[in-house]
Structure formats: structure tokens, C-alpha cells
Amino acid sequence: PKLSAEGHAGTIGLHYFGNKHIIIVSGRKHYYESGDMDETTFIVRALVYWGIRNIIMTSAVGSMLEEVVPGDFVLPHGFVNKMGSNPLIGPNYEELGQRFFGVTNIYDPKLRSLAMQVDLPNNLRVHPSGTYVAVIGPCFESREEILEFSGIGTVVGMSIVPDTLALAHMRSNPTYSGIKLLPICLVTNMAEGMSKAEITHEGNT
């Protein structure tokens with residue numbers, strides 16, 4: 001799908017790390033760009049079709065906790081879907097996955113543990129857990145929304161969750177068993193009402 005969000009290149013590159021093949025997807029199709037969840041989740045489903053089973057997703061997010069500040073990384077252990085939609089609404093395609101399935105531990109704890117072992121400069125902090133609250137966008141959240149969300153989440157963003165649900169769906173099919181997900185979030189700003197700084201798109205890419 002063609003991307004329209006500034007800062008998202010819309011390219012796919014095949015790279016090698018030792019004897020491993022790595023596919024790097026630069027940019028994503030946000031739900032707010034088209035209102036079409038099939039377009040939003042097309043790339044991650046294609047990755048699974050290509051045989052990829054370990055998937056790392058990244059996201060720029062706003063922090064809703066004072067102790068989590070811009071420049072920090074957060075490795076969410078779970079999510080809350082506040083987008084008002086789901087990529088699995090409508091007919092179910094059994095060749096992709098089951099109609100009903102659970103999403104507990106969809107973010108792999110072993111991958112999260114490996115990520116925590118990466119040697120980073122002392123000025124970078126990584127929070128080993130947290131809850132990602134997904135909103136539809138594209139406007140930033142109101143102070144009142146952040147007040148509500150801060151009671152249930154750590155960071156807020158406009159992506160990751162549609163891909164998570166699509167991949168959880170495919171994981172329910174034995175053909176695609178072994179899918180492991182690791183979300184890595186970079187805090188680019190404090191959420192609305194958490195600081196006096198103005199929130200802009202330029203400051204979040």
C-alpha cells in the first residue's frame with residue numbers, strides 16, 4: 001500500500017546479519033490513512049507468508065507516566081485497543097486463522113528478555129514492560145483522554161495493535177505457528193497535559 005504519513009518511506013529491504021536473513025520494512029500504513037484495516041495489516045501478513053516468524057515492531061509514542069520520559073524505550077507486555085476497530089471484523093478466513101482466539105502473551109517474553117540484554121549507552125533507558133494504548137489518530141489525544149488512558153496504560157500511539165491482532169489471528173492457525181512479536185517503543189514526547197511543550201508531528205518522527 002502507498003504510504004502518506006510523513007517520515008514513512010514505504011520501502012522493504014532484504015539484509016543479512018551473519019547467516020540470518022533480515023527484512024526491514026521502513027514505514028507502515030496507519031489505519032487513519034485509509035480507514036481500511038486490510039491495507040493496514042497487509043505487510044505483516046505478507047511477512048508471515050514469506051516465512052518470517054520473529055517480528056520486531058517499532059513505534060513512536062507519547063508517555064503518560066512522569067517516570068517515562070522522551071528518549072526512553074518501552075517494551076510493552078500488553079495493549080489496550082482504543083481504536084474503535086479491529087482487523088478481524090467481518091467474515092473469517094479459516095486459511096488465515098481461527099474465528100476466536102486469545103491474545104495473552106502475544107508479545108513474546110523471551111524476545112523481550114533478549115532485548116533487555118542489549119548493551120546500550122548509559123544515557124539510554126529501557127523500561128522492560130508497559131501497556132500500549134492504541135488510538136486511531138491522526139489528531140493527538142486530548143488532555144481528558146490522556147487523563148483516562150493514564151489509568152490503564154504507559155504509552156499511547158497510533159499503530160502496532162492492528163498488526164498485533166492480525167498476527168495473533170494467524171498464530172492461531174497451526175500453519176503459521178511459531179510467530180513471535182516484540183514491540184519496541186521510543187518515547188518522543190510527553191502526552192498532552194503531561195508537560196508544557198507543544199506536541200507536533202515533526203517532534204514525533
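I160 is found in the loop between β8 and α5, where helices (H or I, at least four residues) and strands (E, at least two) are DSSP runs numbered from the N terminus. Before going on, please keep in mind that this is a predicted model, in which local features need pLDDT of at least 70, side-chain atom pairs count only at pLDDT 80 or more, and totals for chains, interfaces and linings use all residues. Residues are numbered from 1 along each chain as its sequence is written, and side-chain values use heavy atoms, with hydrogens and water left out.

Back to I160, which has a positive phi of about 65° although it is not a glycine. With 1% relative accessibility, I160 counts as buried; here buried means under 20% relative accessible area, exposed means over 50%, and partly exposed lies in between (1.4 Å probe, protein chains only). N105 sits in the loop between β5 and α3 and is exposed, with a relative accessible area of 55%. A further backbone feature is the cis peptide bond from G137 to P138, with omega near 0°; P138 belongs to the loop between β7 and α4. As background, most residues other than glycine have a negative phi, and most peptide bonds are trans.

Let us now step into helix α5. Ten of its eleven residues are buried, so α5 is largely enclosed by the rest of the structure. Among those buried residues are V161, T164, L165 and L167. The cover over the buried residues of α5 includes α2, β3, β5, β7 and β9.

From here the largest nonpolar core comes into view. A nonpolar core is a set of buried Ala, Val, Leu, Ile, Met, Phe, Trp, Tyr and Cys residues joined through side-chain atoms within 4.5 Å, and the largest one has 28 residues. V48, F79, Y107, Y132, L167, I179 and L181 have the most contacts inside this core. Two or more residues each come from α2 (37–49), β3 (54–63), β7 (131–134), α5 (161–171) and β9 (180–190), and the largest share, five residues, comes from α5. F79 is a handy place to look around: leaving aside its neighbours within four places in sequence, F79 is in contact (heavy atoms within 4.5 Å) with V103, I106, Y107, T131, Y132, V161, T164 and L165. Apart from this core lies another, of eight residues, among them M64, V135, V156 and M158. In soluble globular proteins, nonpolar side chains tend to be buried together.

S150, in the loop between α4 (143–149) and β8 (155–157), is 86 residues from M64 in sequence, yet their C-alpha atoms are 5.5 Å apart in space. S150 counts as partly exposed, at 28% relative accessibility.

Next, the aromatic rings. Rings of Phe, Tyr and Trp (its six-membered ring) pair if their centres lie within 6.5 Å; planes under 30 degrees apart count as stacked, over 60 as edge-to-face and the rest as tilted. The structure holds two such pairs. Y176 counts as buried, at 9% relative accessibility.

Y49 also takes us to the surface, where I12, Y49 and W50 form a nonpolar patch with about 370 Å² of accessible area together. Patches are made of residues with over 30% relative accessible area and no salt bridge, with like charges joined within 9 Å and nonpolar side chains (Val, Leu, Ile, Met, Phe, Trp, Tyr) within 5 Å; the areas come from the Shrake-Rupley method with a 1.4 Å probe, and for residues only the protein chains shown count as cover. W50, in the loop between α2 and β3, is exposed, with a relative accessible area of 53%.

Finally, the charged side chains form five salt bridges, each a side-chain nitrogen of Lys or Arg within 4 Å of a carboxyl oxygen of Asp or Glu. One of them joins D72 and R125 (2.6 Å, N to O). D72 lies in the loop between β3 and β4 (73–74) and R125 in the loop between α3 (109–116) and β6 (126–127), so the pair ties together parts that are 53 residues apart in sequence. D72 is buried at 3% relative accessibility, whereas R125 is partly exposed at 38%.
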